[in-house]
Each structure stands twice: as C-alpha cells, then as structure tokens.
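Welcome, and please have your viewer ready. We will take a short walk through some helices, one selection at a time.

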Amino acid sequence: MADTADTALTANVGAFDEPFHQIDFAHEGVAAGHQTSTGISNEKLGMWTFLGSECLLFGALISTYLLYKNRPGTITNVAGEVVGQVHDRISEHFDILFTSASSFVLLASSLTMVFAVVAAQRNDAPRLRLWLGTTAGLGAVFIGGQVYEFTAFVREGFGFTTNVSTSAFFTLTGFHGVHVTIGILMLLVLLALSLKGRLPFTKSESVEIIGLYWHFVDVVWIVIFTIVYLIK
Amino acid sequence: MTTIAETETPADVHPEDLHHDTGRSWQVAAALFVLTGLEVSTYFWPHGWHRVTHVTLIVMMVLKFAAVAAFFMHLKFDHTMLRRLFVFGIILAMVVFLGVLSAMTFWVNSGTTDFNNAPHERPIPPPPTRAPTS
C-alpha cells in the first residue's frame, strides 16, 4: 500500500520535472480552455445556449404574426393611394412557388454546410473552401430572393407600416433574413481564414459551431415557411 | 509543450469518429426535399380539406425540424446536455407563447369567416322611439 502511494507521489513529482521557466503558460491556458468538466468546449456550449435563447426571439415574432396576420386594415401604395380592400391581406399575394424555390435553396445550403464540416474534420482544405463558398453562395441566393419578394410586395402596396399584419410579416421574415446575412458573413470570414492558412485542423470546431448557427437558421425557416406561407 | 489537439493528426481520425456521415446526410437531405415538395403540394389541395391540410403541414414541419436538428446539427449523437439545452429553449418558447396566444384569445373563433379575424362590428341600434304624447 505504501509502495503504491510512493509510486503515485513519484509520478506526480515527475510531472513537474520540467524547469519552471520553460513551461509555456500561454499555450497551457489554451489547452486548459478546452478541458471542461462537461467535456464540451465553452464555445460550443455557448452557441447552443445562444440558439436556445433564439427560440424565444423567433417564438415571439411568430406569435405576433399569428395574432395579427388576418387583422384588416386599409392598404395603400407608396403614393398613399388606397389600393386594397379591407380584406385584402398580404398572405393572399404570396408567390408560393417562388418561396418554395427559396426554401429548397436554403435546405441545400444546410447539406453543403454539412459537407464543409466534414471537410474541416478531415483537414481537407480545398473541399472546405469549396463547400464554405457554396453555402455562402446559396445563402446569398436566398437573400436575393427575399429582397425581390419584399420589393414586389412594396410595389403592390404592402409596406412595413401599411397595417399591423404587414408590420408583423416584415419584422418576422426580415429578422430571419438578417440572421441569414450574418451567417453568410461568418462563412465568408471562415473562407478568408482558410485561404490565408489560418484555419488549421485544430480549429475545425469553429466550422462546426458556425455550422450549428447556419442549420438553426434553416430550421427557423422550416417553421416560418409552414406557418406563414403554407397554412392559409 | 504540446497540446492534445496538436499531436492529433488527420491520420489519427477514423471515419467512424467523424461527426457527420456524408451518406446519411444525403439521405436526410433527400427526405427533407421530398417533405418540402409534399408541403408545397398541400397549397393546392381543395379548400375544404383545410383541417387535414393543417395537421399534415404541422406534422411535416415537426419531422423536418427534428431531422435537421438530429442529423445536421448532430443532436442525436452529441452530448445529452446540448440536446436538453436546445429542447428546453423550444419548450420554454412554446409554453410562453402558447400562453400569450391564449391570453390574446387567439383560439377563440371570432365568428367571422376567417379564423382570428376581428369580430364584425355590430350595427348601432336605433335610439328608442318615444310614444307620441297627446
């Protein structure tokens, strides 16, 4: 028993046989930052906590839209002329086929994001750049579609302040669009870092964490597409 | 001094250790595309089927949400704490906002043709007429 204790003590002492002044404390700190009691990195846990709180934000916006989507109001065009009747709602002017195409594009971007994460975990830099660029491009196509849709609505007389229904609609879909835009910017930053060689294999978790954000934006659109566009 | 991450090279990573399986991702994506196509098709179903349509849409939405969260976001295979964290956020949001919708009488049929429309304005009754005095 005593021998075992002595051996353990010797082993512990042996762990500190490196001269004190040669220990790289800065590097140790980085390594210690990844050794959490849960086994999950702080960055990943932080992203999941953020996504959990985002559920409340989008829950509020979706609830507001549901409450006000059928509320009547006078609809005017940008010149102030009344163009709509009381029961003329923005939901009756949705171009479902166009929005469906946008939904397919966003779903496809989730798949390409998965490929980007796989490439990062395999340390395959060329494929990582390809899929990051493709994902950002698909996101940009989605945003372009949303800008086109908003422009078409404004031309038809549905502005942000036309009535509470349009305000709720533009706030909900606009907030989602802002999230997609932020996601595109983060993907482009990753792409730039990779091109500069500053996204090594050891940082592949950064790609995974930004991928989580991107997939969340996709699942929010799944809910918005069903509740706002498809349920009449 | 070296860190664990630095000593681990790509050669040490086995395919089964990778978080995402590419083949499975294709299958999930195909299922998502099919479900989305079905969702879009419900828009052209007869108006009289709205109850069936709404239930179908909600079920497909939940399936798509779960598929992306489980496989693309890797919740099915990741740490249980992450799953609980995200599900807690979803349940909290649902409880809070279903409560808000109930408080705002969202579920009460206003009596108009369209669900949740503002109730019709009742006509103002004419003032009571007085009997002519002789």
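## A tour of the helices

Helices α5(A) and α7(A) are roughly parallel to each other, since angles under 35 degrees count as such. Keep in mind that this is a predicted model. To see the pair, select residues 125-155 of chain A for α5 and residues 204-230 of chain A for α7. Their axes come within 13 Å and cross at roughly 30 degrees, and the crossing is left-handed.

Now show the side chains where these two helices meet. On α5(A), pick A:Leu128, A:Thr135, A:Gly139, A:Phe142 and A:Glu149; across from them on α7(A) are A:Val207, A:Trp214, A:Trp221 and A:Tyr229. Coloured by class, this contact of α5(A) with α7(A) has six nonpolar, two polar and one charged residues.

Next, select residues 164-195 of chain A, which is helix α6. How far apart are its end C-alpha atoms? They are 46 Å apart, which agrees with the 46 Å that 32 residues should span at 1.5 Å a residue. Just after α6(A), click on A:Gly197, where phi is positive, at about 75 degrees.

For the last stop, bring in chain B. Select α4 (residues 96-121) of chain A with α2 (residues 22-42) of chain B: the axes come within 11 Å and cross at roughly 170 degrees. The two helices are therefore roughly antiparallel. Residues to display include A:Phe104, A:Leu111 and A:Phe115 in α4(A), and B:Trp26, B:Phe33 and B:Val40 in α2(B). The contact of α4(A) with α2(B) has 14 nonpolar, five polar and no charged residues.

Definitions and conventions
Residues are numbered from 1 along each chain as its sequence is written. Chains are lettered from A and ligands numbered from 1 in the order in which they are written. This is a predicted model: local features need pLDDT of at least 70, side-chain atom pairs count only at pLDDT 80 or more; totals for chains, interfaces and linings use all residues. Side-chain values use heavy atoms; hydrogens and water are left out. Axes are lines fitted to C-alpha atoms, for helices over the stretch in contact, and angles run from 0 to 180 degrees between N-to-C directions. Helices (H or I, at least four residues) and strands (E, at least two) are DSSP runs, numbered from the N terminus. Angles under 35 degrees count as roughly parallel, over 145 as roughly antiparallel, 65 to 115 as roughly perpendicular and the rest as oblique. Contact means heavy atoms within 4.5 Å. Ala, Val, Leu, Ile, Met, Phe, Trp, Tyr, Cys and Pro count as nonpolar, Asp, Glu, Lys and Arg as charged, and the others, Gly among them, as polar. A crossing is left-handed if the near helix is turned anticlockwise from the far one by less than a right angle, and right-handed if clockwise. The expected span of a helix is 1.5 Å times one less than its number of residues.
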